[in-house]
Amino acid sequence: MKTLGNLKNYKELEFAFRNLIVKGINLIVGNYGSGKSFFSLYLSLLAKSKRDFEIFEVGNVDEVYYVDGENNYDELNRRACKIKEALGIKEEINYTNKIEDVYNLKNCFIVIDSYLCFKNVDFSKLRDNYTIVLHHLNKIGKIYGSIKIPAFSDCAYLMENTGKYFRLTNLKDRFGKLVKRVSMRLNNYTFELVNGYVSVKISKRLKNMLPEKYNSFFEKLLEGRIEGRISGRIDGRIEGRNIIKLREDIYNKIMSLKSEKESIEEFLEKLIWKEA
């Protein structure tokens, strides 16, 4: 028997992609054609090549496996080759159609496509990995099957194809650490963050330009993790809880300063923020 509250056994939460995919069971549900298989394949190749997904920094993944029961191998391989070409990477990932091939592994990135094809899966043999389980919605937009299906997951996302964007919405977050919603555009086999997330691309640039004291604030702001009130004077006053609007206003102002370090620092010092 173990004890709770034991600091000697304390472990930090581990991510394959920070604040997006955790070590454990990550459920992604959506209708046919919602993009969940392509997105999971995309993340798999990024994980294998140790590359970040935009603002979501890649973690320490030992190996990558795609367990497929739905797609034609040739089609899946074609997609993987197109993604590799678009990203300029050479790495390959492991493919299998047998769930037993990935049991009892550790610290691997695993995609199971989909739950309906592997209903007898033993999730206890997968929890030491960053496991994505794909699943479908029924005709009325609910998770297909019984309520216990999402119960096994540590987190769950809804994947939607709006016709203009792909949207990933957080349905369950056991840890309280994960992104709430991500909107993406598929451009030449590459997913790009949109709708306010465009401005997050300045985060790494700012780390090289500005003192470290700004890093924590901008990381939280750009990932939408500041839920309190921010006010400042940006050619007029901005104030409120609309994090996307604040990101865009701050981003546009900084870009208008043409990367002049002193001007940007002066502007940032005028910002006042208070986290909830």
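Mentor: Let's take the ground rules, then the salt bridges, then the sheet. This is a predicted model, where local features need pLDDT of at least 70, side-chain atom pairs count only at pLDDT 80 or more, and totals for chains, interfaces and linings use all residues. Residues are numbered from 1 along each chain as its sequence is written, and side-chain values use heavy atoms, with hydrogens and water left out.

Trainee: Okay, how many salt bridges does the structure hold?
Mentor: There are 9, where a salt bridge is a side-chain nitrogen of Lys or Arg within 4 Å of a carboxyl oxygen of Asp or Glu.

Trainee: What does Glu63 pair with?
Mentor: Lys48, at 2.7 Å from N to O. Glu63 sits in strand S4 (residues 63-68) and Lys48 in helix H1 (residues 36-48), so this pair ties together parts 15 residues apart in sequence. Helices (H or I, at least four residues) and strands (E, at least two) are DSSP runs, numbered from the N terminus.

Trainee: Are those two buried or partly exposed?
Mentor: Glu63 is partly exposed at 21% relative accessible area, and Lys48 is partly exposed at 23%. Buried means under 20%, exposed over 50%, and partly exposed in between (1.4 Å probe, protein chains only).

Trainee: And where do Arg79 and Glu75 sit?
Mentor: Both are in helix H2 (residues 73-87), 4 residues apart, which means about one helical turn separates them. Salt bridges with shared partners join Glu75, Arg78 and Arg79 into one network.

Trainee: Switching topic: what order do the strands of the sheet take?
Mentor: The open sheet has 9 strands, in the order S5-S4-S6-S7-S3-S8-S9-S10-S11, with mixed pairing. Strands pair if DSSP finds at least two bridges between them. Strand S5 (94-96) and strand S11 (190-193) are at the edges with a single partner strand each, so one side of each has no neighbour in the sheet.

Trainee: How many bridges join S3 to S8?
Mentor: 4, and the two strands run parallel. Leu27 has Ala156 in S8 as its bridge partner.

Trainee: Last one: what does Ser153 touch?
Mentor: Leaving aside residues up to four places away in sequence, Ser153 touches Ile25, Leu27, Lys172 and Arg174, with contact meaning heavy atoms within 4.5 Å. Ser153 is in the loop between helix H3 (148-151) and strand S8 (155-161), and counts as buried at 0% relative accessibility.
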